[in-house]
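Q: I have a structure open and would like to go through it with you. Could you start with a term I will need?

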Amino acid sequence: MSTAPDSLSAAGPGVDDRLDQAVIAAADAAQESMRADLLGLVGQQAAVVAAAPAGAGKSQFVAATVGRLMAAGLRVALAAPTNDQVQSLVARVKQLNPDVPVAFVHGLGKELPTAIAALPGVTQPSAADARRQGDPLVIATIDKLADAYLRNGLGGFDVLVIDEAYQADAARYYTAAAVAPTHLLVGDIGQLDPFSTLDDATFWRGGPEDPLQTAVGVLLRNHPSTPVHQIPVTWRLSPLAVPVARCFYPGHPFEAAVLPGVRSLRLTRPGPGSQVLAPVDAALDEAVRSGWAHVTLPGAPVLRADPATAVLIRELVHRLLARSAQVRCENRPGFAALQPSEIAVGVSHHDEKDLLRALLDSYGLPGVRVDTANRLQGLTFEVVVAWHPLAGAAVTDAFHLDPGRLCVLLTRHRQACIVVGRDSDRALLEGVPPATPGFLGWDPDPVLDGWDAHESVFRLLESHVIAA
Amino acid sequence: MSTALEAYFAARIYEEGRALRRTTLRHVHLADSPLAIAMWRLGGERFRAAAVAWGPPGGPFQLAVPGEPRNRDLYFAALRPFAADLCTRVRLAAVAREPRQRGSVTEHIPADALQIVVPNKATVSALGLLGRYLAYLSDRGGVTPDPALIEAGKHLRFYARNARVPGQALLVPLDRLVADHWATLLSPFEQANLAALDAQISPAAGLHPFEASSAAEAEVVVGPEPTEEVDSRTEALLTRFNAARGTSTDPSTVARLVEPLREHYRSLVEPVWSLMNRVFERERHVTAAPSVRRRFESDREAFGRHVDWVINQGGYYRTTDTPRQAAIILRRLEDTLARYEADRAVEDPACMIPHLLDGDAIRGTVASVAETKVVVSVRAVRRAVMTLDSPDTVILPEGKLLWWTETADGHPWKVESVSSNGAGSRIVLMLTGKPAPERLPGVGDLITLSTLCTGQKSFWLMPPVDAPWTHQPDVPPAAPEPIDVGDSEQPAAAVDAAAAADPGRYT
């Protein structure tokens with residue numbers, strides 16, 4: 001797994017003919033403007049919001065900004081919703097700011113991976129110790145930070161920085177917000193909104209008290225004058241992927257930082273006797289050529305964890321590696337072998353994940369990441385195989401139409417994305433969209449937005465369809 | 001919900017011609033003597049009750065019909081007996097208390113709580129709106145509303161809000177009770193009709209469930225929303241009533257004139273009352289699951305807190321939650337839902353089936369249980385390793401945590417490996433706690449393990465009382481107007497258009 005941007009940072013890429021300098025300059029200007037706003041607000045109860053498309057280098061921006069804040073002598077708390085995200089932030093902060101001491105405060109059994117924990121200056125104190133020591137930079141999940149504040153009094157920071165702030169809900173933000181007066185909220189507006197297991201989770205929708213609105217949502221509702229900046233670049237996605245990604249970011253212009261042709265995925269030719277795998281090979285070849293492939297099984301309503309779809313995905317992943325996939329990119333000028341850990345399979349449900357995990361393990365592919373869209377948020381891979389949320393569905397519903405879910409699945413990749421579904425899926429969107437409830441004070445409509453986004457994506461993938 | 005199980009149910013019901021139980025136990029407490037309430041509204045007036053029927057299910061009901069519910073005097077006069085009776089029943093139910101020990105603290109919670117039974121979830125919402133209206137009545141025009149109306153409004157508001165708690169039994173909508181315990185051929189939208197649901201369970205001889213539902217729906221109109229046909233009849237009667245009374249609100253005059261409307265609503269209530277009793281009695285005779293008692297204890301605790309606040313302290317509830325309240329409620333409801341779903345599956349084999357089908361649970365025979373030692377942190381600790389033979393193909397990743405249904409509130413077992421075993425699978429699991437005898441199944445036992453835990457997985461603290469600046473508006477909102485400020489029963493004083501400064505406004 002890699003995270004964007006890698007060695008070529010927005011802060012100092014220099015003149016590089018592999019990158020679109022105009023796009024990078026615009027992104028740099030936006031980021032500098034955000035930092036200037038934030039530094040000007042330190043000491044006040046105020047915030048800055050940074051809205052970004054997928055792969056905009058948010059973590060890089062966050063890490064660089066944390067370094068600037070620390071250099072200004074400020075005490076910083078850095079938080080994100082999940083353990084994976086905060087662990088990755090520790091590594092990113094240390095990468096950009098080797099001299100900055102990092103205190104990682106974690107929950108039981110959520111210690112840092114050994115390689116990150118071994119970095120100089122990284123400690124893993126208890127919340128009580130972090131408070132007693134007055135650690136200048138504390139990194140924790142939002143839940144852990146809130147718990148440490150309530151239980152151990154860990155607070156008194158100058159700035160709270162929240163990454164993936166559109167994924168954090170207002171209820172969790174409520175407690176963590178008190179650790180510092182000035183906030184920087186960075187997030188991807190296209191990703192999944194906070195969710196609840198309750199049937200009537202919309203009970204508070206539209207009200208200022210709604211605990212399921214995003215952290216950014218509650219902040220802007222109460223403080224509409226808060227500056228919101230848009231980051232106009234994606235480092236992760238290639239120019240081939242950007243048109244599809246734009247379906248999820250209406251009103252937010254952005255371009256790929258990398259120039260066309262810089263990234264490349266290469267496969268060996270299918271060997272003799274490969275006829276049985278012809279559709280799989282065709283899908284892989286299409287993905288290599290255009291960055292996208294939409295593989296469709298014959299239309300049929302199927303069970304959610306459909307074995308045929310799972311087997312097809314396993315074959316795609318296995319064949320990808322069997323054909324000695326190699327990648328080249330702005331960070332790797334020469335071709336290098338694609339590693340299993342650089343491949344992810346994105347799904348919508350845990351039973352799909354479990355089925356695929358077992359199937360991939362049985363083929364000796366434990367290194368390939370399989371996870372739900374919720375868990376893949378914020379992560380980057382070279383190649384992603386996405387189990388389409390509507391694959392084989394008999395009807396549409398709010399969960400499977402959620403544009404955030406599709407956005408996450410289709411925007412994790414740097415080289416290619418292979419979407420797997422059934423050829424009847426698009427027909428689900430024919431006709432009139434379903435009636436949806438309206439809520440005073442709440443404009444978004446995930447069902448209608450999702451209907452629109454799904455239809456746009458189907459249209460853009462039309463030329464990449466491979467029948468399996 | 002398992003798609004596979006739903007498909008199976010649909011096929012079986014279609015074939016057998018009647019609904020099938022999806023549980024072997026009843027998972028909701030049903031009281032011996034609840035209070036049943038049925039209600040109707042006018043087509044375009046969501047906040048007013050055009051008729052309220054109340055009483056014991058199966059027994060005689062009382063009926064409140066104001067005639068013109070948009071007239072404040074008539075409305076309050078009609079609702080007063082209902083409000084007074086509701087308040088009396090709530091107070092009586094809360095009198096007897098019993099001690100309940102929690103740690104070193106002894107609380108006295110009501111020994112019982114008034115259970116209200118309504119035909120459907122729409123009535124829950126309607127009662128909530130009625131409660132919201134009554135609870136905050138102001139002294140409009142210098143006339144203090146009957147305190148019983150205000151108190152009843154607070155009770156209704158409490159009941160309706162508490163109805164969000166998964167598995168609660170203070171306010172039982174019978175459509176949900178049936179849908180949770182029976183599989184039918186009806187869509188979620190169609191399941192909102194109690195008559196249609198009931199008809200699938202016991203269809204008339206020779207009728208397919210679809211036909212039975214269709215006939216029942218046409219025969220029994222379940223409120224609170226009137227059908228177009230009911231609303232047309234109501235409107236005609238209401239027009240005649242208003243024409244006959246003029247502006248009179250005199251009780252003796254109104255009592256005589258309102259009789260046709262009362263008869264209209266009585267004819268609507270009677271079949272619903274009978275339907276409610278049939279549904280209630282059918283479910284009441286099903287054995288209750290063990291956890292029903294514990295959930296009703298939580299209900300009694302909530303009921304006791306409500307009574308103490310509203311009756312003993314004269315308190316009011318906020319009309320909307322604060323961000324802190326909403327955050328706490330959300331978390332509590334999510335925890336309660338997870339516990340309720342786990343309770344159902346762990347106690348009721350039929351409720352475990354969807355989890356088995358979806359791969360969230362496994363069932364098999366214990367082939368061996370052995371003790372071993374593993375290093376946790378830096379210490380070697382005792383652990384039990386169990387081998388389970390399942391006749392099914394098991395798909396579980398290593399490291400998955402599963403709880404044995406007998407110790408579902410304790411330590412989970414971690415999946416160590418899964419391998420083929422004939423037509424089925426052999427699963428090796430390790431207990432994540434010390435291997436005490438009560439935590440270990442015996443060799444040869446047929447057991448079920450699932451991802452469902454009935455214990456508390458995590459402990460969370462209350463958010464701070466003071467909202468952070470992020471959750472407070474820049475400018476505090478203006479104080480709201482009284483909730484009944486828009487009532488129209490006192491028309492604005494007549495204006496002499498000729499004498500007005502801007503006569504065009506009145507012509």
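Q: What about phi of Ser324(A)?

A: Phi of Ser324(A) is near 50°, again a positive value in a residue other than glycine. Ser324(A) is found in the loop between helix H11 (307-322) and strand S13 (326-328) of chain A, and it counts as exposed because it has 11 C-beta neighbours inside 10 Å.

Q: Changing topic, how many residues are in the largest nonpolar core?

A: The largest nonpolar core has 180 residues, and those with the most contacts inside it are Ala79(A), Leu160(A), Ile162(A) and Ile418(A). The largest share of this core, eight residues, comes from helix H12 (residues 323-347) of chain B.

Q: Which residues is Ile418(A) in contact with?

A: If we leave aside its neighbours within four places in sequence, Ile418(A) is in contact with residues including Ala283(A), Val295(A), Leu316(A) and Val385(A). There is also a second, separate core of 87 residues, and Val90(B), Ile116(B), Val178(B) and Phe303(B) are among them.

Q: How many residues of each chain take part in the contact?

A: The contact between them takes 35 residues from chain A and 29 residues from chain B. On the side of chain A that touches chain B, the residues divide into 18 nonpolar, eight polar and nine charged.

Q: What joins Gly223(B) and Pro224(B)?

A: They are joined by a cis peptide bond, with omega about 5°. Pro224(B) is in the loop between helix H7 (209-219) and helix H8 (228-245) of chain B.

Q: Last one, what is the mean pLDDT of chain A?

A: The mean pLDDT of chain A is 91, and 97% of its residues reach 70 or more. Over residues 6-13 of chain A, however, pLDDT stays under 50. Where pLDDT is low, the predicted coordinates should not be read in detail.

How values were computed: Residues numbered from 1 in each chain as written. Chains lettered and ligands numbered in written order. Predicted model: local features only at pLDDT ≥ 70, side-chain atom pairs only at ≥ 80, totals over all residues. Core = buried A, V, L, I, M, F, W, Y, C linked by C-beta atoms within 7 Å. Buried ≥ 20, exposed ≤ 12 C-beta atoms within 10 Å, placed from the backbone. Helix = DSSP H or I, 4+ residues; strand = E, 2+ residues; numbered from the N terminus. Contact = placed C-beta atoms within 7 Å. pLDDT = per-residue confidence, 0-100. Nonpolar A, V, L, I, M, F, W, Y, C, P; charged D, E, K, R; others polar.
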